[in-house]
Every structure is written in structure tokens, then in C-alpha cells.
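Hi,

Here is the model we talked about handing over. Have a look at it first, and then read my notes below.

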Amino acid sequence: MSVGDQLGLDDNSELLDQARQKWPAWVAADPRLDVVDDFDDLRSWLPTVDHETSDQVLLALAMLAAPDGGDNIAAAAALAKCLLPGACRLAGWLSTLPPREVFRDSQPVMAGTWSAVERVDELVASQLWIEVRTFKWRRLRKVASNILINTRVGVLREVGDFFYVSRADRTWANTTLVESFSAGDITSADGGAGYSAEMRTERASDALFHRPEILADAGPEQEEPSATEELLELLAWACDHEVISPADRYLLLCLVEEADRVETRRLARGYGGLLSNEVSSRVAPRIGVSEATVRRHG
């Protein structure tokens, strides 16, 4: 099943049938939607216009879909349908990764009775629906890019990506598993656990640091990569080419995260505040070294 199938957004979808029926009324109520006569023509129209124009239409749908807006499930389905290309691209990238990396912290699965591709589609579909229904339409305007980025972040957090888990729950991200439990382990054919517990530093080094270069499909919702994404891609490249080690990458990510939380007063050293005393004091306990070691290796 694809992401669309998981959401029930195939050609015979009841929700999309409702969207088709309600489209004329939606257009009459909101002139921003008056770009096509039929809802089925909307997806083919979106790639033909610029970002700002397409986001105006998607914003109207997001407002209709939001619980604090129109609270219309059919509108949510219509918006999700428009964003399926980007969501499918995300699911496709995740499906290429080894299951043990993708499902490090996910629900327990049994070999031979489970499809990694289906599980990925489930995760992407569920997170896409959450983002569609909770989009902050009152203050945000870039609908496609925000929903797809947040979908990616939510899925990576769900499957145990160390960077995203640590931002949401630092305690769990740094928890050391000391024995195998049935929940969360992939069971091998001989009944043993598919992977064993890892020390915290090993988990930090071996955590899922792959960064998909996917924010949207090739349509108008694709945005320029943010500074964070460019940094993650640069660090991933540096690790792949053995310029730095995974431990170095983790240290740098910790420095960037903590530096963003403190006020930088002096930039004279030329490191943008990354090696300030306050930042070093915050990072040292996270990686289990002294402040001097943080500054020396940073």
C-alpha cells in the first residue's frame, strides 16, 4: 500500500468525493480557490504556478481543514492529496534504509510477518495527516514546505533519529538499553534479538544521521534548503568522505544546538560563539568530557 492508500485517498475515496462535491461551495466562499473549475484539476495546476500563488490556494484548504478553522475532514483530505508527491518521496527514501536503522525506536515487529515498506508508508501517512490537521494557518504562509518538513521531522523522530529525538526528549535520546526486550527489537529468524543494546556513545555515533534531500516534490512547493538542512548535509558528506568521524559530527551538532540557546556576546575568536565558555559548559555533560576537551575538539 502507498502513502495515499494508507490515508484512503485513492480514486474511489469517499473523502475526495466529498471534496469534489463541495468544491464549488468552497470556491464561492473563498476566492483564493477560484483557480480551477473542478477539484481533480488542482493537482495538475499546482506545478504550473509559483510558490506564492500555490501556497495561497493550499492555505485556503489548510484553513478549512484546521479544527480552529473550518474543521472539514474533506478539506484535510484534499490538502493531503495535493501534498502526496512530497510525502511519497519521503517514504521512498526511508524505504531504502536498513530496517534496523529505520526502526531503532519504533514498535516491535516480527520477521516474516511484516513489511518495512508498509510500515514506512504508515508512519509517513499518519504524520502527514497530523501536520495537515494541525497546520498553524493563522501565522504561517508556506503551507507545502512547512507541512512536508514537519512530516519528515516527525517521522525521523518516531523511528529513532538521534538528533530529532534529542530535541524532543533528551532523556530518552541518551538512555542506555542494558538488556533486550521484546518491544522495540526486530526478531531474527532464530528467535534472537536482531540487535543488542548499545552504549550511549555508540548510539550517538551510530544513530540515524542520514538526511534525505527531500522537502517536497518537483512541484511549486519545493523550497530552498534552510541553513539547518545545509549544515546536516555538509556534515553527512564530511562523514561519508571520512573528513570527520560520527562522534565529531555529534559534537558539532551539540555545539550548534546549545549555541542557539545562549546569547553570544563575543565573536572575536572567529567561531561564531560555538566555543564560548557557556556553550562548552552545556555540551560537556552531554558527551561526557571536560569543557577543555569540547573546545579542543570543536
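Some housekeeping. This is a predicted model, where local features need pLDDT of at least 70 and side-chain atom pairs count only at pLDDT 80 or more, while totals for chains, interfaces and linings use all residues. Residues are numbered from 1 along each chain as its sequence is written, and side-chain values use heavy atoms, with hydrogens and water left out.

Now the aromatics. Rings of Phe, Tyr and Trp (its six-membered ring) pair if their centres lie within 6.5 Å; planes under 30 degrees apart are stacked, over 60 edge-to-face, and the rest tilted. That gives two aromatic pairs. One is Trp-23 with Trp-26, edge-to-face at 6.3 Å centre to centre and 70° between the planes. The two sit three residues apart in helix α2 (residues 14-29), so about one helical turn separates them. Helices here are DSSP runs of H or I with at least four residues, strands are E runs of at least two, and both are numbered from the N terminus. Trp-23 has a relative accessible area of 0%, and Trp-26 is buried as well, at 7%. Trp-23 also pairs with Phe-39: the centres are 5.9 Å apart and the planes at 55°, so this pair is tilted. Phe-39 is in the loop between α2 and α3 (42-45), so the pair ties helix α2 to a part 16 residues away in sequence. Together, Trp-23, Trp-26 and Phe-39 make one aromatic cluster.

For the chain overall, I get 16 helices and two strands, and 45% of the 298 residues are buried. Taking contacts as heavy atoms within 4.5 Å, residues 24 or more positions apart account for 63% of those with a separation of 6 or more.

What about disulfides, meaning cysteine sulfur atoms within 2.5 Å of each other? The search of the whole structure finds zero. As for individual cysteines, Cys-88 is partly exposed at 34%, whereas Cys-254 is buried at 1%.

Val-243 is exposed, with 55% relative accessibility.

Cheers

Technical notes. Buried means under 20% relative accessible area, exposed over 50%, partly exposed in between (1.4 Å probe, protein chains only). A disulfide is a pair of cysteine sulfur atoms within 2.5 Å.
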